[in-house]
Amino acid sequence: MQLSAFEIHASSPQDLMIFYEAGLGWTFREDSHEGHVFWHIEGAQNGLTGRLIQRAGSAPSDGAPVMGGVLSYGVDDIDAASEKIRAAGGRDALPKFEIKGEGWAAYFLDTDQNVFGIFEASES
């Protein structure tokens, strides 16, 4: 079974859209279903469907354990992407590290305390 969709929960959707636009180059399109507003993420790779939705509670506190899955997004240049993420207000959660034979990864906190990763595949 392949992952085909993902959701990012946001306490302040407009602020988080600004972060991901600056950090990963995504754009968003508003939609609704049965009275629930959400935003489609445009620019996700490999046919994934992404949505940003209103968080149904408080954002995680600093140092809180991860609740749920952590999504990692493919990038062409992990160093350049890391700088854009930091410039947009993201913070390091786990600095860049090598995954032998596969590439490089790093984890960040977005501006709403969600953990996410980026991954640069090594050249084959």
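K96 is partly exposed, with a relative accessible area of 36%. For that term, buried is under 20% relative accessible area, exposed is over 50%, and partly exposed is in between, with a 1.4 Å probe and protein chains only. A word on the source: this is a predicted model, where local features need pLDDT of at least 70, side-chain atom pairs count only at pLDDT 80 or more, and totals for chains, interfaces and linings use all residues. Residues are numbered from 1 along each chain as its sequence is written, and side-chain values use heavy atoms, with hydrogens and water left out.

Which residue forms a salt bridge with K96? D79 does, and the closest N and O atoms are 3.1 Å apart. By salt bridge I mean a side-chain nitrogen of Lys or Arg within 4 Å of a carboxyl oxygen of Asp or Glu. D79 lies in helix α2, residues 78-87, and K96 in strand β6, so the pair ties together parts that are 17 residues apart in sequence. Helices (H or I, at least four residues) and strands (E, at least two) are DSSP runs, numbered from the N terminus. D79 is partly exposed too, at 43% relative accessibility.

Stay in helix α2. E83 and R86 both lie there, 3 residues apart, about one turn of the helix. Their side chains meet in a salt bridge, 2.8 Å from N to O. Salt bridges with shared partners join E83, R86 and D92 into one network. R86 counts as partly exposed, at 34% relative accessibility.

The side chains of R91 and D62 meet in a salt bridge, at 2.7 Å from N to O. Are the two partners buried or exposed? R91 is partly exposed at 37%, while D62 counts as exposed at 54%.

How many salt bridges are there in the whole structure? The search finds 8.

One more residue in strand β6: A93. A93 counts as partly exposed, at 41% relative accessibility. Leaving out residues up to four places away in sequence, A93 touches Y107, F108 and L109. Contact here means heavy atoms within 4.5 Å. From A93 to V70, the C-alpha to C-alpha distance is 12 Å, and the two are 23 residues apart in sequence.
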